[in-house]
Amino acid sequence: MPSSQNTSCDEATSLLQETPGSPDQVYRGKKAPSDSHWITTVILLCGGAVLFDLSNNLGSVAEVAILEDIVCRDYYATTTANPILPSLERCKIDPVQTEIALLNGWRETFETIPAILLALPYGMLADKIGYRPVALLAFLGNAMSSNWSRVVC
């Protein structure tokens, strides 16, 4: 039985016929409402990551200065080196800087171990309880990791 629709077709004819008032015609030429939502989310997440990194790195500058002062005082207390140098230059000698580099390297190593060990359990926990609580747990762990050495020093 032949259909009542126009049977003439060519390459430019749409395979799906649109009826007046269909949702395709309503959104034609406009963005879907959810298109801008993911862009905003990505921009906010990237901005949050930059701010989080910036705050961690600003704190590490002060941490290195405190560590340098501790190592410098310990070095001059245990050696008979000449402490008459100006205070800015007396901590820039090779033995002090070598000790600071060694301590920073070990600190970075020990701060990376929990991230390696907890990656898989955090993923499994995120599948069970959801990603938001696990993300908050990860941020809390990161904050504790970045502050433990400052408390010790």
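**Notebook: a helical protein model**

I started at phenylalanine 139, which counts as partly exposed because its relative accessible area is 48%. For reference, buried means under 20% relative accessible area, exposed over 50%, and partly exposed in between, with a 1.4 Å probe and protein chains only.

**What I am reading**

This is a predicted model, in which local features need pLDDT of at least 70 and side-chain atom pairs count only at pLDDT 80 or more, while totals for chains, interfaces and linings use all residues. Residues are numbered from 1 along each chain as its sequence is written, and side-chain values use heavy atoms, with hydrogens and water left out.

I checked confidence next. pLDDT is the predictor's confidence in each residue, from 0 to 100. The protein averages 78, and 75% of the residues score at least 70. Where is confidence lowest, and where is it highest? Helix H1 (residues 23–26) is lowest, with a mean of 50. Helix H4 (residues 94–129) is highest, at 89.

**Overall fold**

I counted elements. The protein has 5 helices and 0 strands. From the N terminus on, they run α-α-α-α-α. Helices (H or I, at least four residues) and strands (E, at least two) are DSSP runs, numbered from the N terminus. I also looked up burial: of the 153 residues, 12% count as buried.

**Aromatic pairs**

I found 3 aromatic pairs in the structure. Rings of Phe, Tyr and Trp (its six-membered ring) pair if their centres lie within 6.5 Å; planes under 30 degrees apart count as stacked, over 60 as edge-to-face and the rest as tilted.

One of them joins phenylalanine 52 and phenylalanine 139. Their ring centres are 5.4 Å apart and their planes lie at 65°, so I noted the pair as edge-to-face. Phenylalanine 52 is in helix H2 and phenylalanine 139 in helix H5, so the pair ties together parts 87 residues apart in sequence. Phenylalanine 52 counts as partly exposed, because its relative accessibility is 23%.

Tryptophan 106 and phenylalanine 110 make another pair. With centres 5.7 Å apart and planes at 25°, they are stacked. Both lie in helix H4, 4 residues apart, about one turn of the helix. An α-helix has 3.6 residues a turn, so residues three or four places apart point the same way. Tryptophan 106 is partly exposed at 48%, and phenylalanine 110 is partly exposed at 49%.

**Helix H4**

I went along H4. It has 36 residues and reaches 51 Å from its first C-alpha to its last, close to the 52 Å expected at 1.5 Å a residue. That expected span is 1.5 Å times one less than the number of residues. H4 has a kink of about 45° at leucine 118, shortly before proline 121. The bend at a residue is the angle between axes fitted to the seven residues ending there and the seven starting there. Which residues of H4 are buried? They are Val96, Ile100, Asn104, Arg107, Glu111 and Ala126. Just after H4, I saw glycine 130 with a positive phi of about 110°.

**Helix H5**

H5 (residues 131–152) has 22 residues. Its end-to-end C-alpha reach is 32 Å, close to the 32 Å expected. A kink of about 25° is centred on serine 146. Val134, Ser146 and Ser149 are buried in H5. Arginine 150 also lies in this helix, and is partly exposed with a relative accessible area of 27%.

**Cysteines and a charge over a ring**

I looked for disulfides, pairs of cysteine sulfur atoms within 2.5 Å. The structure holds 1. It joins cysteine 72 to cysteine 91, with S to S at 2.2 Å. Cysteine 72 sits in helix H2 (residues 35–78) and cysteine 91 in the loop between helix H3 (87–90) and H4, 19 residues apart. The link is left-handed, with -95° about the S-S bond. Are these two cysteines buried or exposed? Both are buried. Cysteine 46 is partly exposed, at 46% relative accessibility.

Last entry: the charged end of arginine 90 sits over the ring of tyrosine 76, 4.6 Å from its centre. I used the rule that NZ of Lys or CZ of Arg is within 6 Å of the ring centre and within 35 degrees of the ring normal.
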